[in-house]
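Hi,

Here is the structure I promised to pass on. Have a look at it first, and then read my notes below.

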Amino acid sequence: MQNKYKTVEESQVRISELMLPSHSNFNGKIHGGYILSLLDQIAFACASKHSGAYCVTASVDTVDFLKPIEIGELVTMKASVNYVGTSSMVIGIRVEAENIQTGAIKHCNSSHITMVAKDEKGNSVQVPGLILKTDNDIRRFAQSIKRKEIKIKDNAEFQATDFNSEEYLHIVEKYKVKIQH
């Protein structure tokens with residue numbers, strides 16, 4: 001590890017790509033899977049830039065598709081390190097689409113992807129700490145901690161669920177599913 005700490009700014013990555021008909025789904029909008037692939041690529045670039053190491057995707061924490069992206073729009077993705085752990089980093093990504101004829105820009109997607117830094121043998125390696133300089137940096141860091149706490153709580157609650165309880169069986173009935181073992 002070269003630097004003990006890095007600013008959010010030092011690791012930011014920005015990419016732009018024109019959306020082509022080959023990227024579209026049957027409805028003529030850009031396929032969500034294509035956008036997911038670009039999200040993973042920019043998350044890798046941002047995490048690797050921050051850590052100075054090869055990085056792998058640990059989880060896709062949120063992907064909120066807000067507005068459809070049209071063929072011919074210029075998509076710009078902006079990625080920042082929002083949170084760092086020992087070897088993990090949460091990468092926040094904002095996706096905007098620009099109508100290149102009118103200049104109109106719309107926010108289409110927000111995503112949070114957790115990446116883990118690895119060495120040549122596949123072992124997790126320590127990543128630099130994060131220097132928070134702006135209120136936005138602090139807000140994003142705090143939100144990442146909150147999302148992590150909620151995820152841990154939700155996983156613990158799910159593991160503790162008694163799927164044979166009256167409460168759960170009532171939920172199963174409400175949503176019209178049938179469980180067969």
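A residue is called buried here when its relative accessible area is under 20%. By that cut-off, the buried residues of α2 are I35, L38, L39, I42, A43, C46, A47, S48, H50 and S51. Please keep in mind that this is a predicted model.

As for the helix itself, α2 has 20 residues and spans 28 Å from its first C-alpha to its last, close to the 28 Å expected at 1.5 Å a residue. After α2 comes G52, with a positive phi near 75 degrees.

The largest nonpolar core contains 30 residues, and I35, I69, M77, M89, I91, I93 and V95 have the most contacts inside it. Two or more residues each come from α2 (32-51), β4 (74-84), β5 (88-98) and β6 (105-118). The biggest contribution is from α2, which gives seven residues.

What does I91 touch, once its neighbours within four places in sequence are left aside? I91 is in contact with A43, C46, A47, A79, S80, V81, S111, H112, I113 and M115.

Finally, the surface. L18, L20 and I100 make a nonpolar patch of about 250 Å². Of these, L20 sits in the loop between β2 (13-18) and α2. L20 has a relative accessible area of 39%, so it counts as partly exposed.

Enjoy exploring it, and write back with any thoughts!

Best wishes

Notes: Residues are numbered from 1 along each chain as its sequence is written. This is a predicted model: local features need pLDDT of at least 70, side-chain atom pairs count only at pLDDT 80 or more; totals for chains, interfaces and linings use all residues. Side-chain values use heavy atoms; hydrogens and water are left out. A nonpolar core is a set of buried Ala, Val, Leu, Ile, Met, Phe, Trp, Tyr and Cys residues joined through side-chain atoms within 4.5 Å. Buried means under 20% relative accessible area, exposed over 50%, partly exposed in between (1.4 Å probe, protein chains only). Helices (H or I, at least four residues) and strands (E, at least two) are DSSP runs, numbered from the N terminus. Contact means heavy atoms within 4.5 Å. Patches are made of residues with over 30% relative accessible area and no salt bridge: like charges are joined within 9 Å, nonpolar side chains (Val, Leu, Ile, Met, Phe, Trp, Tyr) within 5 Å. Accessible areas come from the Shrake-Rupley method with a 1.4 Å probe; for residues, only the protein chains shown count as cover. A salt bridge is a side-chain nitrogen of Lys or Arg within 4 Å of a carboxyl oxygen of Asp or Glu. The expected span of a helix is 1.5 Å times one less than its number of residues.
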